[in-house]
Amino acid sequence: MKNIDARNHVQGKSIYLDDIPEINGTLYAVPFDAPVGHARIVKMDFTKAMNMPGIARIITAADIPGENQIGGIIPDEPLFAEGEIHFWGHPIGIILGTSEYACRKAREVIEIEYEALPVITCPREAQKQNHLIAPPRTFVLGDTSEHWAECDYVLEGKADVNGQEHLYIETQGAYARPKEDGCIWVASSTQGPTAVQKAIRKVLNLPMHKIEVDTVRLGGGFGGKEDQATAWAVMAALAAHVVQKPVKLSLHRMDDMRMTGKRHPYSADYKIGLNKDLKILCYEATFYQNAGAAADLSTSVLERTLFHCTNAYFIPNVKATAYSCKTNLPPNTAFRGFGGPQGMFVIEAAITKVAEQIGVTADQIQKANLVRNGDVFSYGQVIDKSEAHNSWNACVNTYNLEKIQAEIRAFNQSNYRFKKGVAVQPICFGISFTNTMMNHARALVHIYQDGSVVVSTGAVEMGQGVNTKLAQVAAITLGIPASWIRLESTNTLRVANTSPTAASAGADLNGKALQIACQNLMDRMMPVAQALLNTEANLQIKDGVVHKDNEATELTWQQLVLQSFMRRISLSEQAHYSTPVIQYDKTKEKGHPFAYHVYGTAILVVTVDCLRGTYVFDEVNIVHDLGKTLNADIDNGQIEGALVQGIGWMTLEEILFNDKGKLLTHALSTYKIPDIYSVPLQINIQHLDTPGHDLAILKSKAVGEPPLMYGLGAYFAIRNAVKAFNPNHDPNIDAPYTPEKVLMDLYSKRKA
Amino acid sequence: MCFLSIFAFSGQALIPETNIVFLELNKMKITFILNDQVIQTEQSGAGTLLDFIRYEANLRGTKIGCREGDCGACTVLSGTLQQGKIFYQSLTSCLTPLANAHGKHIVTVEGFNLPGLNKVQEAMVECSGTQCGFCTPGFVVSLGGYALQDTHPSQDCAISAIDGNICRCTGYKSIERAACIVQDSLEQQDSARPLDWLVEHHFIPAWFRDIPQRLEALNIPETAFPKTSGRLFVGGGTDLYVQKPDALPDLPINYIFGKLSKAPIESIGNTIHIQGGATATDLMNAPVFLEAFPRWYEYFKLVSSTPIRNIGTVAGNLVNASPIGDITAMLLALNARILLQQENGEERILPLRQFYKAYKTLDKAAGEWIAEVHVDLQKDTNTLFHFEKVCKRTYLDIASVNTAISLKTKGNLLLEAHVSAGGVAPVPLYLDKTSRYLEGKTIQTEMVLEAIEVLQSEIHPISDARGSAAYKRTLARQLFMGHFLTLFPETIQMEALV
Ligand SMILES: Cc1cc2nc3c(=O)[nH]c(=O)nc-3n(C[C@H](O)[C@H](O)[C@H](O)COP(=O)(O)OP(=O)(O)OC[C@H]3O[C@@H](n4cnc5c(N)ncnc54)[C@H](O)[C@@H]3O)c2cc1C
Ligand code: FES
Ligand code: FES
């Protein structure tokens, strides 16, 4: 089934935040910020700005009726900077005017004096100075200190991995409108309407029932609108509340890039030890997470780095410590993978380097250490349905890794200018919010008298196709065509207290709740059907017709609905689902945090032009574990999209700040995401044949994040090609592998 | 390759001198057809076409992703009437002054909508080429624009049509598959009656057929170029609207896009006359260059993207004086001369390499404009040309370093040499010492290595977002080698150079 929004999308009829028709009298808001990384505000003068044509008002922290605080996990993030600026781009206030243009012109003449304070951009430096967001966390399995001696190969090293700009094509935005009785309506391009509602509650000092947050869809989210959509929605709501007029705030791209956080950059030290059979016996890692100037979701992201720091490998002795380091950068935030990819990058780096030291290929070490049922991860979860070996074997056999490797050796021998490299990338990603209390959801279903159905859940549609999957879940459970079902916007008045749509869990959590709601409706209506058909037999509904013994009866869905209504049976249902089994004890750092894991393996092949330092990915071959896919079109789209995003992160996408904390890659002209020519020439995807998992919606496993991590292999494939040209050089591990780094590595110490 | 075939038309009408009406587009009524409706507006011509479409015409299918030409979410088509026929080109409406829509047929995604889905839309749905959907109207318009071209030679050409569209969700493969379906069906097109065929095959609404007559009937007065000095020249706007979009509405502007009094590119004797207002697309498809230099088309694929090339002009590239201007680097190596004109009719000709004085400082008086660029190209001599460019992303990106070379050779001897490099100095650099060094030399490895030493002595790269100084030096060396590896593959081998 195709995405239910696709037809409207291609006709330009889908409505995004900035497409909502403006109500007469709407004011436009533009934020203003500090062009300094860290400073005290000495003086602010808005006289000139207020005298500009079309300017209605300037709103700052002074206008906040409640608390100047939007921190979701830790209350350390003011909505507007007050007194002190913590990062370049820190919003100080918003300008309200009759057009965005008028506001931007006024912004140019705002006068603010600053007194500069020292700027820290490096997480290791922050850690040294004890600038931490929270105390460090350490995960331990076995005892590394006792087992280093048994290792035949030991290697220590450092690995750096940079951040990533979300670059959702729709920028952040919100539109707020005051309603009667002090209530407020806010349309927000957010992955977390409840988070927005809660923050507005705090800042406006309003009870939550007066705040309606509505989200139709996002033009991309990728985690960037999980927590960081909040500020803009609160600003719009605050302004609307203060001036009692509708206020729209839709960020300009450069404001968005400058003011919002990104994927966390990490710096890490590792130590790895293997025995002669290439079994990894010990692994130690210390992660320095660059959190930026406030916590945002950093502590949770940090946790997932630790959860996934051994990727798909069983290592009996692990000690991993992670510091969330506070720096003067925009607060970094969720991004597809949520810290997991950074953790996995470091173990892959360690494996690659130690393989080079031993003189084997990395895939030999990877394969020798894949998790099996009964193995335990450092956080205590015992693996029960591992697909690590299955997906590995399916991948290397289907695509013939040996042949690929042999061809590449031959190619590299006979070519001077072009070198090829290959990497195998297994993945293992845990599904569930690692914060156990967030793993619940609700769905509201109304069946109308005409048989049409409307569904509301806490899930936000952002292109990942969750609404399509939800329509399928309802269609399957009710036995009617999906076209009779409408997915409504995500709205805090209809479905309350939602978790954000994140952690790849949106379809599982909301789908399960929806399934229960639909099942409850069926349980109420089927006795009516039995009565109408005068039978006690089990009945089913298929394609909108009641079936008995697999044979269509004369009773249609529409008749059944109407008859149920006449019998005063409720055609509305609200259901709740919370993931069973999962638990986690932070004091021991042990538990069973994930409902299940998603597995898969990819083989990536790259060709490097050793004259220019540029590269092209020839092919990426994937075997992915979807369980029993509910929607192959959508799932394949998620795999391709995530892969390309992962490759982008590992290759072109380079975030650069100067030492004053100014973002140098500030626009699409300087921050490059993959275009149609930079994606692999071929992407082959096969689904692993597996029974699926009961905790996945209709056994269809979560797919949003895991395939991004296939992209990690891009880094190591390039490295292998570089080493084929310049074997003497041992390049630093420092992602992304931009053409600049490739060229410098190709020619560093070449003629030793 | 899609030689000449796609977007071969410049999109610029030749204006008979007599028909020119002098209008100031900042104050005049701008008239055009938007989809199937005639628009007449007194809005400032300096606002963007994008804002007009979205917030005045309330067509919200056209999206805003960046406002700097880099994402393609705002792509629309601009149709130019010429001899009763309309030629469509894609462009980024976020960088296009409203004034540049004057007299055109502007098509947004809504303009492609039929009662059902059109062919492109259907292919996009069928291939799951849309996820969040925010980029999608841009892709649909670009592919629709491709369908409206005269020829559809290959799948590669269909992909080229969407080279200015960025998608963050799909990873492009599904869009590629959709483009493939579109291509397959376009290959069946009846070239005798292309528009009818497109209507019959559900690519476009039937009213497209009436647009040429309707535009003609409107008899929209042309605006003139150039009239008043002391005004800012705006060509395609692809530099100005990135650099100072908010300042433009307050400035007196001379809209000069499309105001050509001669063919965009013309050979007169041994000299090629390029109009200042010729677009990158014009240059890319100029037969005289394509015939002389086999890789000419490929070089231009490295310059911005289709919708930007459709509007970005040669003079704009030269006057913008970006140290990494690609067309500038090419023209420097072609040893071009520029013809500068003033309002009072004064003219002078200046070698391009003398045009750049310091960072963004030009040998140009305030009111002067670039009317033409002249390049000598003797057919009988053996002139070789090559261009190299490396950026973070190969396509739709600004160079870290670029370089161009032109050589006149006789046997193994270099008679004349001109080398340029960008990204290695505050100005686009003509490498005078390197060029002089090369002249009279025999083509061989040693010579290339020595020339590199000379080159390194005349470049002064700095570190910035496009790379460190050390990288740019290395890259300049490599790309210079690239010239010789490409032009003399028999004589120069990479093994010998590095
Ligand atoms: C997304 C994007 C990608 C790009 N990629 C590239 C690239 O890869 N390579 C590259 O080289 N450039 C690139 N550019 C820059 C730009 O497209 C080119 O420089 C283009 O040629 C500028 O032409 P224009 O007509 O749009 O200039 P405008 O913006 O209209 O004008 C630029 C300057 O030239 C002046 N001017 C224009 N015409 C004349 C004239 N006839 N006489 C005197 N002055 C004049 C204007 O006053 C202004 O100062 C890119 C731009 C964008 C937005
Ligand atoms: S809005 Fe991105 S190219 Fe115009
Ligand atoms: S579908 Fe989301 S950006 Fe293309």
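**View 1. The five-stranded open sheet of chain B.** In this predicted model, five strands of chain B form an open sheet with antiparallel pairing, in the order β8-β9-β14-β10-β11. Strands β8 (265–268) and β11 (347–351) of chain B stand at the edges with a single partner strand each, so one side of each has no neighbour in the sheet. From one strand to the next, the twist averages 25 degrees (axes are lines fitted to C-alpha atoms, and angles run from 0 to 180 degrees between N-to-C directions). Strands are DSSP runs of E with at least two residues, and helices are runs of H or I with at least four, numbered from the N terminus; two strands pair if DSSP finds at least two bridges between them.

**View 2. Strands β10 and β11 of chain B.** Here β10(B) (residues 337–341) runs antiparallel to β11(B), joined by five bridges. Look for Ile338(B), whose bridge partner in β11(B) is Leu350(B).

**View 3. Where chain B meets chain A.** On chain B, 60 residues are in contact with 63 residues of chain A (C-beta atoms, placed from the backbone, within 7 Å). Helix α17(B) gives the most to this side of chain B, with seven residues.

**Notes.** Residues are numbered from 1 along each chain as its sequence is written, while chains are lettered from A and ligands numbered from 1 in the order in which they are written. As this is a predicted model, local features need pLDDT of at least 70 and side-chain atom pairs count only at pLDDT 80 or more, whereas totals for chains, interfaces and linings use all residues.

Note on methods. Contact = placed C-beta atoms within 7 Å.
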